[in-house]
Amino acid sequence: MPKTRTNKKFYEQFSKNLKLGVHDDSQNRAKLADLLRFHTSASGDEHCSLQDYVDRMKESQKHIYIISGETREQVSNSAFVERVKKRGLEVVYMTEPIDEYVVQQLKEYKGVSLVSVTKEGLELPEDEAEKKKKEEDRAKFAGLCKVMKSVLDSKVEKVVVSDRLVESPCCIVTSQYGWSANMERIMKAQALRDASTMGYMAGKKHLEINPDHSIIETLRQKADADKNKKPVKDLVILLFETALLSSGFSLAEPQVHACRIFRMIKLGLGIDEDEPMAAEETPVAGDLPPLVDDTEDASQMEEVD
């Protein structure tokens with residue numbers, strides 16, 4: 001027991017030094033990687049080594065699944081780990097800023113590649129029935145993906161059907177070699193950040209939709225009925241901005257998003273958008289602008305009810 005406490009105290013004091021060594025010292029990277037400790041979805045309150053993780057891997061598992069974020073609570077409740085945990089697979093939680101730099105250099109451990117669950121191309125073990133369903137979902141929602149991409153335009157690189165989501169309607173993933181949401185947050189906080197680097201490293205975002213979620217299925221039906229209808233465009237924008245937030249990204253214009261939410265609340269409460277506010281009321285976010293840039297009557301939003 002005393003030895004365990006000593007090791008834990010030692011690691012708390014020098015973990016950043018070890019991780020910095022993994023990043024900088026290519027010659028001793030493999031040895032230093034043995035000393036790293038992380039919380040995982042299966043480790044409870046204790047840290048575990050990457051070797052512990054590998055020893056617990058399922059026979060069909062090919063990768064070490066990782067996710068980065070600000071806190072253990074945040075990443076453990078993330079939409080990205082829903083299906084991974086549902087399949088009984090373990091996810092490594094990387095919650096220190098330096099962890100982002102570690103995984104840039106530590107691509108594998110003992111021959112097993114490290115794969116972020118927030119990046120595109122995530123592959124999970126699946127049987128033939130699951131493969132067949134995935135193909136059917138892609139065909140069924142191809143039209144909706146095309147509509148959502150046209151509405152969002154350059155905000156996303158592509159819109160695809162997801163097989164990583166369980167309860168969430170959609171999420172934002174990044175390209176394989178782009179920054180994660182956590183890394184983007186870290187870089188934005190740098191006083192001497194390079195604007196050009198921010199542009200090409202943070203610009204590749206993909207929207208993934210959950211074909212089994214009622215919101216996505218209903219949106220598909222509405223888009224099939226009339227893809228040019230204003231409520232469809234409004235809902236696509238709100239879904240995208242909400243997915244940005246839930247996936248760990250920040251909004252370029254949070255005030256505009258707030259105005260859109262307030263407008264939805266007014267419609268949900270049956271309040272006429274053109275109704276003047278009482279004299280004693282102070283507008284929280286100013287006038288509520290149309291959700292999309294057209295002149296169609298905003299009352300059509302009521303059609304989503």
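Two strands are said to pair if DSSP finds at least two bridges between them. Helices (H or I, at least four residues) and strands (E, at least two) are DSSP runs, numbered from the N terminus. The structure is a predicted model, in which local features need pLDDT of at least 70 and side-chain atom pairs count only at pLDDT 80 or more, while totals for chains, interfaces and linings use all residues. Residues are numbered from 1 along each chain as its sequence is written, and side-chain values use heavy atoms, with hydrogens and water left out.

In β3, Val-92 is the bridge partner of Ile-66. This bridge belongs to the pairing of β2 with β3, which is parallel and has 4 bridges. Strand β2 (residues 63–68) also runs parallel to strand β5 (residues 112–116), to which 4 bridges join it. There, Ile-66 stands opposite Ser-116 of β5. Of the 6 residues of β2, 5 are buried, and the strand is mostly covered. Buried here means under 20% relative accessible area, exposed over 50%, and partly exposed in between (1.4 Å probe, protein chains only).

Strand β3 (residues 91–94) pairs with β1 in the antiparallel sense, over 2 bridges. Val-92 of β3 stands opposite Thr-40. These strands are part of an open sheet of 5 strands with mixed pairing, in the order β1-β3-β2-β5-β4. Its edge strands, β1 (39–40) and β4 (108–109), each pair on one side only. In a regular strand the side chains alternate between the two faces of the sheet.

Helix α6 (residues 97–105) packs with helix α9 (residues 181–188) at an angle of about 120°, and their axes are 10 Å apart. Axes are lines fitted to C-alpha atoms, for helices over the stretch in contact, and angles run from 0 to 180 degrees between N-to-C directions. The contact (heavy atoms within 4.5 Å) involves Pro-97, Glu-100, Tyr-101 and Gln-104 of α6, and Asn-182, Met-183, Ile-186 and Met-187 of α9.

In total, the protein has 13 helices and 8 strands. Of its 305 residues, 43% count as buried. The accessible surface comes to about 17,300 Å², and carbon and sulfur atoms account for 51% of it; accessible areas come from the Shrake-Rupley method with a 1.4 Å probe, and for residues only the protein chains shown count as cover. Among contacts between residues at least 6 apart in sequence, 72% join residues at least 24 apart.
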